[in-house]
Amino acid sequence: MSGPLYGIGPWQLALGLVFVLAAGLASLAHQLRLGRELAVGTVRTFAQLFLMGYVLRLVFDADMLILSLGVFLVMVATATHIVSGRARQPKVGVRLPVFATMLTSYFLVALLVTSVIVGAKPWWRPEYFIPLSGMVVGNSMTALSLALERLFADLRAKRAEVEMRLCLGADYREASQPIVRDALRAGMIPSINSMMGVGLVFIPGMMTGQILAGADPLAAIRYQIVVMLMLVGSTALGSLLVVLWARRRCFGEAQRPLV
């Protein structure tokens, strides 16, 4: 099955700004003060995606391992910067746990999917490795942000409860276990909700892109199923490793809470 792929020209792109304008008017009418964020977000969307398009064209044409890994490294570093910025916990550094976890676990997940499940040869073939690893990093970035925000917020709100458990003889793991459990749940729920609604509430981006490019919907859903399963596994693994690592950094000498 194949069909025409309708291109989008400059004027059609400009027409899309009508939606941002509507959001800006709503912000102005209700005094939300989101005009600057909307403007910056719109400019960054255009700039970042056009830049990525040109970079991907060069990487696809070059077809080199080092370039595929370089794009993956840039995505992980950028996601680490965003997650660290949103965590906002100056006493507990999360940059190293987030970067190390993303780099190792998400690389292994992307490697497993491209080499074993998809069967791409070589496994780093940029047309497969970069989009799939990008989906892992992007979706897991949101999960890690939610999990860390929940971890730090609960440690601050329940500090007295944690200290009481420590005084009763519990170690830092036992004293903070309910908080860790809630943080992991907060990070994983969005991926699980996506699995509940996929195909009924929404059609995911990868499946939409393949259908628009003329692929058979039955072939597109197979890729999408693999992606959904991959995302659930990567968010669970990433959230678990980062939360446990960050939890350890939340306690200083003699297990004194730092948050």
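1. Helices (H or I, at least four residues) and strands (E, at least two) are DSSP runs, numbered from the N terminus. With that in hand, this chain has ten helices and zero strands, and its pattern along the sequence reads α-α-α-α-α-α-α-α-α-α.

2. A word on the source: this is a predicted model, in which local features need pLDDT of at least 70, side-chain atom pairs count only at pLDDT 80 or more, and totals for chains, interfaces and linings use all residues. Residues are numbered from 1 along each chain as its sequence is written, and side-chain values use heavy atoms, with hydrogens and water left out.

3. Now the overall picture. The C-alpha trace spans about 70 × 55 × 35 Å along its principal axes. Of the 259 residues in the chain, 32% are buried (under 20% relative accessible area, with exposed over 50% and partly exposed in between; 1.4 Å probe, protein chains only).

4. Which helix gives the most to the nonpolar patch? The answer is H3, with three residues. The patch on the surface is formed by Ile8, Leu13, Leu17, Phe46, Phe50 and Tyr54, with about 580 Å² of accessible area together.

5. Take a look at Tyr54, which is found in helix H3. Is Tyr54 buried or exposed? Tyr54 has a relative accessible area of 52%, so it counts as exposed.

Terms used. Patches are made of residues with over 30% relative accessible area and no salt bridge: like charges are joined within 9 Å, nonpolar side chains (Val, Leu, Ile, Met, Phe, Trp, Tyr) within 5 Å. Accessible areas come from the Shrake-Rupley method with a 1.4 Å probe; for residues, only the protein chains shown count as cover. A salt bridge is a side-chain nitrogen of Lys or Arg within 4 Å of a carboxyl oxygen of Asp or Glu.
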